[in-house]
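Student: I have a structure open and want to learn how to read it. Where do we start?

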Amino acid sequence: MNEQELKKLKLLSANIRLDTLKCIKKCGYGHLGGSLSIVELLSVLYGKQLRYDAKNPQWEGRDFVILSKGHAGPGLYSALANVGFFSKDWLLTLNEGGTKLPSHLDRTKTPGVDMTAGSLGQGTSAAAGVAIGLKLKKAEIAGQARNDDTEKIAGHARNDDTIGQLVYVVVGDGELNEGQCWEAFQFIAHNKLNNCIVFIDENKKQLDGWTKDVINPFDIEKKMQAFGFFTQKVKANDEIAIDNAIEKCKSIKDSAVCIILDSIKGQGIKYFEDMIDNHSVKFNTPENLKAADEAIEELESIINRYN
Ligand SMILES: Cc1ncc(C[n+]2csc(CCOP(=O)(O)OP(=O)(O)O)c2C)c(N)n1
């Protein structure tokens, strides 16, 4: 990645972080911690890696983004608004009656949202389905599909070494408590769905506290390896590392791929990183409001410096 590209991604990260904070503050409460921990990932996806057309969100040739931890909607909305899917004014209607931006994702309401999510775990199965569907479609286009023999089609797709449309699925570490995740991972690994990049946002916390204290996922990377995934672990605030890891995934032909994001809940804003209970943050105390205003000021000055 050259300096110009990195600057563009840093600027996008700062804007996504700023807008996430602003819209949750305006709403009065919301899932700040888990939205902030994926800001740099969203920046690399929407600023560099993804194929999309913001003016035609349903474009058939697009890559799919499935934010399985659907409560992090405000982060995704801020990314979508920053790359032109809809006006930034919409962000200030977060979770209001009649809004197009509900706190949890709804693909029937928001342009650019590919999967309705909020009930944890389900996005992993949807991602597996979309990924194998894309493989089958490609095999069909290539003329190798036989409608009467899906086994054969899947077998062929497995050996396919060209990378076309991709599925990017983002899963929380607390979300791994859902058995459905592991069922879907098995399917993705068994079918060697290398067109589905599984991101696990390991921010070490979930709703009720530390993930290890609620239901310990133990060593997530080792578990994904044991399930048959090619894995990489990267710092979640490092756009270059995330980008390189995605590039590496794209070169893997013969197995499923997973990137574990070593992240901090509340990432990028010290006050919210340090807040013990930062899953859903309420902006109803002078301390939280002051911290938000200071962070907004700081992010705006970072953005001005980049511009
Ligand atoms: C099936 C299901 N069970 C419980 C919940 C309640 N819930 C919402 S968020 C959350 C914690 C998720 O933790 P994690 O995936 O680590 O998200 P992050 O920390 O990144 O916000 C829980 C248990 C839910 N949304 N869906």
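Student: How far is the polar side-chain atom of His 71 from an oxygen atom of the ligand?

Tutor: A polar contact is a pair of N or O atoms within 3.5 Å. Here the His 71 side-chain atom lies 2.7 Å from that ligand oxygen. This is a predicted model, where local features need pLDDT of at least 70 and side-chain atom pairs count only at pLDDT 80 or more, while totals for chains, interfaces and linings use all residues. Residues are numbered from 1 along each chain as its sequence is written, and side-chain values use heavy atoms, without hydrogens and water.

Student: What is 2.7 Å from a nitrogen atom of the ligand?

Tutor: A polar backbone atom of Gly 118.

Student: How much of the ligand does the protein bury?

Tutor: Accessible areas come from the Shrake-Rupley method with a 1.4 Å probe. Alone, the ligand exposes 590 Å², and the protein buries 79% of that.

Student: Which residues are closest to the ligand?

Tutor: Count a residue as near if one of its heavy atoms lies within 4 Å. Here 18 residues surround the ligand, and the closest are Lys 69, His 71, Gly 118, Gly 174 and Lys 265.

How values were computed. Polar contact = N/O pair within 3.5 Å; in protein donor to acceptor, adjacent residues only side chain to side chain.
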